[in-house]
Amino acid sequence: MLQFGKFERPATVEEALALLQKNKANRILGGGVWLRLQDRRIPCVIDLSACGLDRIELDDDRGAWRIGAMVTLHQLECHEDFNASTCGVFEAAVCDIVGVQMRNLATVGGSLYGRFGFSDILTALLPLGCEVELAGAGTVPLAEFATAKAYERDILTHLVVPAHADLTAAFICVRRQSTDFSVLNVAAARVGGAWSVAVGARPARAVLVGSDALGLPATFGAGATPARVAEDGSVVPAILSDEDAAALEGALDAFAALTFGDNMRASKRYRRHLARELGRRAILEASGLAAPIAPAEPAFRAAAGEDHASAAAEARDGLGGSTLGFSANAALDAAKEADAC
Ligand SMILES: Cc1cc2nc3c(=O)[nH]c(=O)nc-3n(C[C@H](O)[C@H](O)[C@H](O)COP(=O)(O)OP(=O)(O)OC[C@H]3O[C@@H](n4cnc5c(N)ncnc54)[C@H](O)[C@@H]3O)c2cc1C
């Protein structure tokens, strides 16, 4: 059982930092959803909910969204302007995390600070060029924070997400069933012609594959024919130029070369297969070339008073839901075949 020696709710981040640094076993309390699963005694837990870290603001001077650490996942997933300016990747990443009640507790700060190996949130945000503001260490690129062992005595106060007018991005994952942890997740983004792709739930912290390693041209997809769903429900794939098709294969090879691991959800072999497949789909979707898949609407944005189960059913009944089912099953079948070889 989790036990607290003392519970503090300071009014400022400075007070919180002083309390945290008093004892290395002290801990920050975000939503407490992950922390509560632990079995230990924390001498002093520091609740940040009175520190004014619950706002989502567009900073025009910086051209970026500044999101307080105590903003809940559901608050951010329902923020229409934020999602519109980030191609809905956050919404797509969190819509299957347990349920709305849980996402009304779990915070952006706790989710990023944890840098969980299964995280959908870290994967979705990494290719957007985000930064985190830490009381203590200052502003640090999310890509650096994600890989570092340091920052254990700091408080994550804000997430900063650039609001690029020319961003195109997509997030895609495979779960064995809705609300389970992702077997693998991928997010792809293109800004100013430069691509970056994050691959997570490997099952290890998400890694970012940069534009040099990807080798995708800035004009990738220009003049291509997008995928479409035929009248019989089958998906007619996108048609790319020979150059783009070759560049895409090169990028997929870069994903397959990442390190993957086995766990109860999947083998590393299956994950390697998925990395190529989800990578392909994320890049095509970010290029506007994929057949429509798994829209988070109308279910998860609605939230206010809407029943989650019926909203989810509505999404599944739509074209996108069935296409996702097709995609995931096809990937599973292919992996089974590969395992049988
Ligand atoms: C059953 C379950 C299923 C889940 N499924 C998924 C999933 O499918 N995909 C996914 O991406 N995530 C998943 N999560 C994780 C979840 O989305 C949150 O990321 C997680 O609960 C942490 O958020 P929190 O606000 O509850 O953090 P807490 O539990 O409060 O804190 C987590 C850790 O971060 C520290 N901390 C919290 N806030 C700060 C801060 N501002 N600065 C410094 N340190 C801080 C705490 O001290 C603690 O060590 C799941 C969680 C649970 C419990």
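In what order do the 5 strands of the open sheet stand? In this predicted model, the order is β4-β5-β8-β6-β7, and the pairing is antiparallel. Let's walk through that sheet, and then visit the ligand and the residues around it.

**The sheet**
- β4 (56-59) and β7 (138-141) are the edge strands: each has a single partner, so one side of each is left without a neighbour in the sheet.
- On average, neighbouring strands of this sheet are turned by 25° against each other, if direction is ignored.
- As a bit of background, strands of a sheet pair through backbone hydrogen bonds, in either a parallel or an antiparallel way.

**A look at β6 and β8**
- Strands β6 (residues 131-135) and β8 (residues 155-162) run antiparallel and are joined by 5 bridges.
- If you look for valine 132, you will find leucine 159 of β8 opposite.
- Helix α1 (residues 13-22) lies across both β6 and β8, and runs at about 130° to β8.

**Around the ligand**
- There are 27 residues around the ligand, and those that come nearest are Gly30, Gly31, Gly109, Gly110 and Ser111.
- Two or more residues of this shell come from each of β2 (27-29), α6 (108-114), α7 (120-125) and β8.
- The biggest share is from α6, which gives 5 residues to the shell.
- Domain 1 (3-47) and domain 2 (56-165) each supply at least three residues to the shell around the ligand.

Note on methods:
Residues are numbered from 1 along each chain as its sequence is written. This is a predicted model: local features need pLDDT of at least 70, side-chain atom pairs count only at pLDDT 80 or more; totals for chains, interfaces and linings use all residues. Two strands pair if DSSP finds at least two bridges between them. Helices (H or I, at least four residues) and strands (E, at least two) are DSSP runs, numbered from the N terminus. Axes are lines fitted to C-alpha atoms, for helices over the stretch in contact, and angles run from 0 to 180 degrees between N-to-C directions. Two residues are in contact if their C-beta atoms, placed from the backbone, lie within 7 Å. A residue is near a molecule or strand if its C-beta atom, placed from the backbone, lies within 6 Å of it. Domain bounds come from an automatic or database domain assignment.
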